[in-house]
Amino acid sequence: MMRLLAAATLTAALGGMTFRLDGGAYLAWIALVPYLAMVVRERRLWRGALAGAIASLGFGLAAFEGVAAVEPWAYLVLVTLASLPWALVGVGIVGTVRRWGPAAGLAFAPVAIAAAEFVVAQRAWLGDFANGLMQWGYSQDGTLWMQAAGWSGVTGLTLVIVAANAAWVALASLRHASGGTRSAHAAIVVVVGGLVVATASTPVPGAAVPDATREPLRVALVQGAVSSTDSLLARFDREAARVMVTPYAELTRTAAERDADLVVWGETAVPMPVRPGHVPDYLAEALAPAPIALVGGVAYAGGRSFNTVFHVEDGVVREVYRKRALVPLVERAYERGVRVPPLDVNGVPIGLGVCLDAVFGSLAREAVIDGAGVLVYLTEDAFASRTITPRQHLRVAAFRAVETGRPVAFVNQSGPSAAFGPDGRALEAIPFGRTAGAVVELRAHRGVTPYVRFGDVVGPFAVAVVLVLTVGGIASARRR
């Protein structure tokens with residue numbers, strides 16, 4: 001029992017380091033080894049559940065770290081809830097080992113973890129309580145394997161990573177295995193080795209095809225880095241609001257001087273709510289130099305409030321997008337937006353998103369299916385301060401670029417902000433907390449990646465396998 005818990009704790013520590021350390025991506029390929037090596041020796045279901053929950057803590061603590069800065073109690077609740085799918089994974093692995101042996105348990109683990117990640121990230125089932133952050137695939141930001149997200153999203157990459165961890169365990173067990181177990185472990189090593197190599201070396205068709213019929217769009221990323229205190233005061237005081245947008249006005253003027261076609265401010269950069277037909281004078285003055293601007297703010301319409309993206313051109317302000325993935329409980333006062341066509345900016349169709357919209361690949365996929373050639377996300381992570389949350393948010397935006405084969409502009413009011421090419425590589429970046437701007441050329445892309453064409457095929461496949469094995473195991477137990 002103690003060895004199992006120690007192994008799960010070590011996996012938790014390695015998992016946390018994977019997402020916290022610069023260059024920690026490669027730890028993901030060994031982080032699960034201690035947990036898997038011990039859980040396939042276990043025969044008690046409750047111990048498997050406990051070990052699975054503990055193993056998930058490193059990742060869970062990192063994924064929700066920003067919440068701890070504002071709501072410590074909510075942080076504990078979220079981490080606990082996020083560990084439950086992993087507890088079920090532990091039960092499934094132990095159950096598989098009891099029924100078919102350790103080799104089967106190792107083979108089952110990657111499928112079970114991929115299925116768990118897929119299920120908890122489904123907004124169609126869980127709504128705003130869906131969790132799209134706790135996915136091992138996100139650890140591969142900046143590596144060769146990141147490109148594999150274009151095939152089946154982050155879930156497919158998770159499957160490969162966990163399979164590699166299982167293969168290490170199988171390889172270490174070969175010397176002590178005998179008979180059929182040795183053959184099964186050898187098969188795991190060979191199959192997974194080929195899968196890992198293929199994942200890193202196989203190009204994704206249609207991932208980056210520039211649209212030569214459209215001119216590149218010069219996009220200005222404007223990061224005001226206004227303090228949370230100033231932002232709060234600006235919601236209630238007009239003069240404070242004017243002061244708050246001053247750095248944005250200066251950066252916007254500089255962007256216009258650099259011939260920017262589009263200026264983008266972050267989420268809630270407009271401090272006071274905007275009603276249809278009314279443009280505050282301080283906002284009009286700040287945006288006057290911009291030929292076209294996209295800014296985040298709150299809109300009131302029909303007695304309801306929305307977390308909104310405003311389009312500003314020739315002094316006219318209109319709503320063009322309403323946030324779809326709301327923060328549970330925190331944004332309960334807002335109404336959820338609906339799917340809308342891409343916004344045309346100088347002939348370039350732009351898919352929009354706000355904050356958590358960037359976390360769900362399905363929303364980006366819908367935008368590209370609707371014709372988007374570029375994706376733009378507005379967010380504000382000042383509440384998370386210098387925790388890992390802002391960096392993790394930037395990381396998932398890079399994956400949206402790879403999955404869809406589209407350039408992405410990610411503008412965070414407090415930072416970090418960046419523009420990514422369709423391969424997920426940063427073209428321009430602004431660090432956290434810096435008041436700064438950057439102008440980058442983004443060319444609309446076309447072509448359809450396998451992920452855009454078919455969606456996440458690995459996730460449903462993994463769920464189907466888990467269900468078949470679960471039903472088969474239960475039926476077998478009843479017959480005995």
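Modeller: Happy to! Let's begin with G405, which comes just after helix α16 and takes a positive phi of about 70 degrees. Helices (H or I, at least four residues) and strands (E, at least two) are DSSP runs, numbered from the N terminus.

Biologist: Before I go on, what sort of model is this, and how are residues numbered?

Modeller: It's a predicted model, with residues numbered from 1 along each chain as its sequence is written; local features need pLDDT of at least 70 and side-chain atom pairs count only at pLDDT 80 or more, while totals for chains, interfaces and linings use all residues. Side-chain values use heavy atoms, with hydrogens and water left out.

Biologist: OK, back to α16. How many of its residues are buried?

Modeller: 15 of the 16 residues are buried, so α16 is largely enclosed by the rest of the structure. Buried here means under 20% relative accessible area, exposed means over 50%, and partly exposed is in between, using a 1.4 Å probe on protein chains only.

Biologist: And what span should α16 have?

Modeller: At 1.5 Å a residue, its 16 residues should span 22 Å, and the end C-alpha atoms are 23 Å apart, which agrees. The expected span is 1.5 Å times one less than the number of residues.

Biologist: Changing topic: what is the strand order in the open sheet?

Modeller: The order is β7-β8-β9-β10-β11-β12, six strands with mixed pairing. Two strands pair if DSSP finds at least two bridges between them. β7 (343-345) and β12 are at the edges with a single partner strand each, so one side of each has no neighbour in the sheet. From one strand to the next, the twist averages 20 degrees.

Biologist: Which strands does α16 touch when it packs on that sheet?

Modeller: Helix α16 (residues 389-404) touches β9, β10 and β11, and its direction makes about 165 degrees with that of β10. For those angles, axes are lines fitted to C-alpha atoms, for helices over the stretch in contact, and the angles run from 0 to 180 degrees between N-to-C directions. Contact means heavy atoms within 4.5 Å.

Biologist: Do β9 and β10 run parallel or antiparallel?

Modeller: Parallel, with five bridges joining β9 (residues 374-379) to β10 (residues 408-412). V376 stands opposite A409 in β10.

Biologist: And in which sense do β11 and β12 pair?

Modeller: That pair, β11 (residues 417-420) and β12 (residues 426-430), is antiparallel over four bridges. A418 faces A429 in β12. Their hairpin has five residues between the strands, and G424 in it takes a positive phi near 85 degrees.

Biologist: Which peptide bond is cis?

Modeller: The one from G415 to P416, with omega near -5 degrees. P416 is in the loop between β10 and β11.

Biologist: Where is A382, and what does A382 touch?

Modeller: A382 is in the loop between β9 and α16. Not counting residues up to four places away in sequence, A382 touches S228 and S414. With a relative accessible area of 17%, A382 is buried.

Biologist: What about D314, buried or exposed?

Modeller: D314 counts as exposed, at 72% relative accessibility. D314 is in the loop between β5 (304-313) and β6 (316-322). Its phi is near 55 degrees, a positive value in a residue other than glycine.

Biologist: Now the inside. Which residues touch the most other members of the largest nonpolar core?

Modeller: Of its 94 residues, these are Y35, L36, I93, W136 and F420. Helix α9 (residues 149-173) gives the most to this core, with 13 residues. Such a core is a set of buried Ala, Val, Leu, Ile, Met, Phe, Trp, Tyr and Cys residues joined through side-chain atoms within 4.5 Å.

Biologist: What is L36 in contact with?

Modeller: Leaving aside neighbours within four places in sequence, L36 contacts I93, L106, A109, V162, N165, A166 and V169.

Biologist: Last one: how many helices and strands does the protein chain have?

Modeller: The protein chain has 18 helices and 14 strands. Buried residues make up 56% of its 480 residues, and the C-alpha trace spans about 80 × 50 × 40 Å along its principal axes.
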